[in-house]
Amino acid sequence: MKKRLSDWMNKLSRVLLVAIITTGFLFTTYATALALSKENNVHLSHNAQTVISNSQLIPTTSIWDKKTESYSGNREITIYRSPSCGCCGAWIEHIQKQGFKIKEDIKTEEMEAIKQKYNLPQDLASCHTAIIDGYVMEGHIPADDIKRFLKQKPQFIGLAVPGMPLGTPGMESGNIKQPFTIMAFDKKGEVEVFKEYQSY
């Protein structure tokens with residue numbers, strides 16, 4: 001009887017010992033995992049804050065503010081626009097900030113006749129028509145593209161941004177920025193893509 005009791009006690013103590021060791025191992029593993037998780041969360045949080053902080057430091061320069069093209073040629077520009085057009089003034093401010101000088105700002109109700117005079121294809125028409133060095137600049141063309149065109153002195157007679165795309169100077173509409181294409185055109189009315197803007 002004593003021997004059986006002793007054997008039973010030995011077995012029980014072994015089971016309890018295994019249970020204690022297993023529980024201790026599981027607890028240690030859990031505690032370690034928890035500590036690592038907290039540490040990683042701290043690192044992730046810190047990294048996320050760093051990314052946010054860095055993204056706030058990255059300047060988001062609009063194409064209308066960029067000055068990437070150097071240009072030493074003629075900067076005097078004549079502009080024809082309708083007296084009732086409000087967006088034209090914002091575009092004029094844009095090109096002035098980019099170093100262009102307004103030689104004449106002519107407000108006229110005869111805009112269609114002006115466009116015909118300068119051989120502007122009808123489907124490329126916009127609100128204002130500008131003339132610089134004999135070239136036609138129609139609509140909301142970024143100043144940098146005008147400089148690039150003038151430096152290249154191509155066989156075309158001008159550039160045009162047809163219509164009045166939302167997001168261009170004077171045509172702001174919240175965060176809406178319509179893609180637009182700058183077209184080059186010649187005297188015969190032949191057109192070619194000069195540059196496309198999908199986002200800006």
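Mentor: Buried means a relative accessible area under 20%, exposed means over 50%, and partly exposed lies in between, with a 1.4 Å probe and protein chains only. This is a predicted model, in which local features need pLDDT of at least 70 and side-chain atom pairs count only at pLDDT 80 or more, while totals for chains, interfaces and linings use all residues. Residues are numbered from 1 along each chain as its sequence is written, and side-chain values use heavy atoms, with hydrogens and water left out.

Trainee: Why is K115 called buried?

Mentor: K115 has a relative accessible area of 10%, and because buried means under 20%, K115 is called buried.

Trainee: What makes K115 and E138 a salt bridge?

Mentor: A salt bridge is a side-chain nitrogen of Lys or Arg within 4 Å of a carboxyl oxygen of Asp or Glu. The closest N and O atoms of K115 and E138 are 2.6 Å apart, and the pair forms a salt bridge. The two residues sit in distant parts of the chain, K115 in helix α3 (residues 111-117) and E138 in strand β4 (residues 135-138), 23 residues apart. Helices (H or I, at least four residues) and strands (E, at least two) are DSSP runs, numbered from the N terminus.

Trainee: Is E138 buried or exposed?

Mentor: E138 has a relative accessible area of 0%, and therefore E138 is buried.

Trainee: How do you know that D105 and R81 form a salt bridge, and what does the pair tie together?

Mentor: Their closest N and O atoms are 2.6 Å apart, and D105 does form a salt bridge with R81. Because D105 lies in strand β2 (residues 101-107) and R81 in strand β1, the pair ties together parts that are 24 residues apart in sequence. R81, with a relative accessible area of 11%, is buried, whereas D105, with 35%, is partly exposed.

Trainee: Why is E69 called partly exposed?

Mentor: E69 has a relative accessible area of 22%, and so E69 is called partly exposed. E69 forms a salt bridge with K151, the closest N and O atoms being 2.8 Å apart. K151 is also partly exposed, with a relative accessible area of 42%.

Trainee: What puts the buried residues of α2 on the same side of the helix?

Mentor: In helix α2 (residues 87-97), the buried residues are C87, C88, W91, I92, H94 and I95. They cover an arc of only 155° around the axis, which puts them on the same side of α2; the arc is that of the directions from the helix axis to the C-beta atoms.
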